[in-house]
Amino acid sequence: MKQTILAALASLLLAHQALAETLPMPVEKLGEVQGVPFYKGYGSSIDADPQNPNRFYGLTDRGPNADGGEDVKIFLLPHFTPSIGHFEIQANGKIKKLRDIPLRDAHGKPLTGLPNPAGYGTSKETVVDANHQLLQRDKTGIDSEGLAVMRDGTFWVSDEYGPHIVHFDRNGIELERMSPRGVHTTGRRLPAMLGHLRPNRGMEGITTTPSNRVLVGIMQSALYNPSKQAVVNKSVTRILMFDLATGKTKQYLYQQGGDFWKNSEIRAIDEHRFLVDEHNGKDVKHVYLIDLNGATDVSDPADSATGLKVNGKAIEENSWEELAAAGIKPVRKTLVSDVKKDVDFQSSKFEGMWVADGGKTLWIINDDDFGIDSKDDHTIVPKRLPNGQTDATRLYRIPLNIK
């Protein structure tokens, strides 16, 4: 009997290990700074390859950078080109990189991750190179954070600066760019009030519904709408639906668990249900199933600078109690994964995820910040996990039960 129980427990343990596996991503060294190596990481966002269930795409962010003091950002490779990587999970459990797709403008010029100048995006950073020489801002620069892969092989990428939503062909050539600031190439634009984003808290996540007819993006945190000082509700963030055929948009509210918490990814389950990650940059790393059905569309028909007013104020100037009294309902959310409990996820940044196996599997990825960190005196050091290991990009598999 004892041997039978032990065998059963061993079988359960093996089954759990198979369900909750961790796979290291391929390592590609980019260079060194102050003797510390840094690596190319694709942890800003991941999405499934619609043509092959064993393949996926990953997205880099704006490039290796470090803190250089208050509102100073050191770009170690100022001409780094954000890119999309194509990967395959092989039968032996290893991940193989198939190709890299650098993001380029309509003329084929490589994009940079440098902040936009005034009028093109929101970033209060002073940007310098590794020698602390001032860098020129780039009006087409993109801080790529969200990725949606379309069935036709093209990509939509959302960013933190504009926020911009940019459409790229299968080879990474820009087809269209939309923002709330009139920075656009086709006449289509995003709602004006999104221009009140808190700096570097732009549109972190973007997805497409299964029909490929609608883009759905989520802002990382509460907007500074109409200003930082005016914000009362610091746990409200916005979900944007963009109909690709008509250009019409809808907006819904999401209630975070704390002030200025973060949403870094959104993935469609069907045309009205989505998975959203929510975290506080520390101990809370959750995945919620949300449902737009029953939530209030808070779009502003006039597309004013501060958006729809409730009680004569911008939405961010209203408490949740005031919004509820005015009949405004946020999306419903149900916890489906407490990531810290479900896997050994020690990285500080939970930013990417995709859904596989018809909703039975959730793959998540960490953003390793290119493997570097900076100390209080702004010297650059390897980025470490709490257990002392180097924070490299890893892929984690979590079982789900979504119907």
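Trainee: Which residues have the most contacts inside the largest nonpolar core?
Mentor: This is a predicted model, so keep that in mind throughout. The largest nonpolar core has 17 residues, and Trp 156, Ile 165, Leu 190, Leu 194 and Leu 215 have the most contacts inside it.

Trainee: Which strands each supply at least two residues of this core?
Mentor: Strand S15 (203–208), strand S16 (214–219) and strand S17 (236–243).

Trainee: What is Leu 194 in contact with, leaving aside its neighbours within four places in sequence?
Mentor: Pro 163, Pro 180, Met 203, Met 219, Leu 223 and Leu 240.

Trainee: And what does the second, separate core include?
Mentor: That core has 16 residues, among them Val 216, Ile 266, Ile 290 and Ala 295.

Trainee: Back to S15. How many of its residues are buried?
Mentor: S15 is mostly covered, with 6 of its 6 residues buried. S15 pairs with S16 in the antiparallel sense over 5 bridges, and Gly 205 has Ile 218 in S16 as its bridge partner.

Trainee: What about the hairpin of S15 and S16?
Mentor: There are 5 residues between the strands, and Asn 212 takes a positive phi near 65° in that hairpin.

Trainee: Now the sheets. What is the strand order in the open sheet of 4 strands?
Mentor: The order is S19-S20-S21-S24, with antiparallel pairing. Strand S19 (266–268) and strand S24 (332–338) are the edge strands, each pairing on one side only. From one strand to the next, the twist averages 25°.

Trainee: How many bridges join S20 to S21?
Mentor: 7 bridges join strand S20 (residues 273–279) to strand S21 (residues 285–291), and the two run antiparallel. Glu 278 has His 286 in S21 as its bridge partner. The hairpin of S20 and S21 has 5 residues between the strands, and Gly 281 there takes a positive phi near 80°.

Trainee: What stands opposite Asp 291 in S24?
Mentor: Arg 332. S21 and S24 are joined by 6 bridges and run antiparallel.

Trainee: Which way do the S21 residues point?
Mentor: Lys 285, Val 287, Leu 289 and Asp 291 point one way, while His 286, Tyr 288 and Ile 290 point the other way, and all are buried. S21 is mostly covered, with 7 of its 7 residues buried.

Trainee: Changing topic. How much space lies in the largest pocket?
Mentor: About 1,200 Å³. The lining has 48 residues, and Arg 62, Asp 67, Lys 73, Lys 262 and Lys 349 lie nearest the centre of this pocket. Strand S6 (65–67), strand S7 (72–75) and strand S27 (372–374) are the elements that give two or more residues to the lining.

Trainee: Which sheet has S6 and S7 in it?
Mentor: An open sheet of 3 strands, in the order S6-S7-S10, with mixed pairing. S6 and strand S10 (126–128) each have a single partner strand, so one side of each is left without a neighbour in the sheet. The twist averages 30° from one strand to the next. S7 and S10 run parallel and are joined by 3 bridges, with Val 128 in S10 as the bridge partner of Ile 74.

Trainee: And the loop between S6 and S7, what is found there?
Mentor: Asp 71 is in that loop. Asp 71 has a positive phi of about 60° although it is not a glycine. At 35% relative accessibility, Asp 71 counts as partly exposed.

Trainee: Where is Asp 357?
Mentor: In the loop between strand S25 (350–356) and strand S26 (361–366). Asp 357 is not a glycine either, yet has a positive phi of about 55°. Its relative accessible area is 48%, so Asp 357 is partly exposed.

Trainee: Which peptide bonds are cis?
Mentor: One of them runs from Gly 162 to Pro 163, with omega near -5°. Pro 163 lies in the loop between strand S12 (155–159) and strand S13 (165–168). Another joins Asn 225 and Pro 226, with omega about 5°, and Pro 226 is in the loop between S16 and S17.

Trainee: Last one. Is Ala 91 buried or exposed?
Mentor: Ala 91 counts as exposed, at 89% relative accessibility. Its place is in the loop between strand S8 (83–89) and strand S9 (95–102). Ala 91 and His 79 are 12 residues apart in sequence and 36 Å apart in space, C-alpha to C-alpha.

Conventions: Residues are numbered from 1 along each chain as its sequence is written. This is a predicted model: local features need pLDDT of at least 70, side-chain atom pairs count only at pLDDT 80 or more; totals for chains, interfaces and linings use all residues. Side-chain values use heavy atoms; hydrogens and water are left out. A nonpolar core is a set of buried Ala, Val, Leu, Ile, Met, Phe, Trp, Tyr and Cys residues joined through side-chain atoms within 4.5 Å. Buried means under 20% relative accessible area, exposed over 50%, partly exposed in between (1.4 Å probe, protein chains only). Contact means heavy atoms within 4.5 Å. Two strands pair if DSSP finds at least two bridges between them. Axes are lines fitted to C-alpha atoms, for helices over the stretch in contact, and angles run from 0 to 180 degrees between N-to-C directions. On a 1 Å grid over the protein atoms alone, a cavity is a set of points where a 1.4 Å probe fits but cannot get out, and a pocket is an open set with protein on both sides within 12 Å along at least five of seven lines; lining residues have an atom within 4 Å of a point. Grid points are joined across faces, edges and corners, and a volume is the space filled by probe spheres set on the points.
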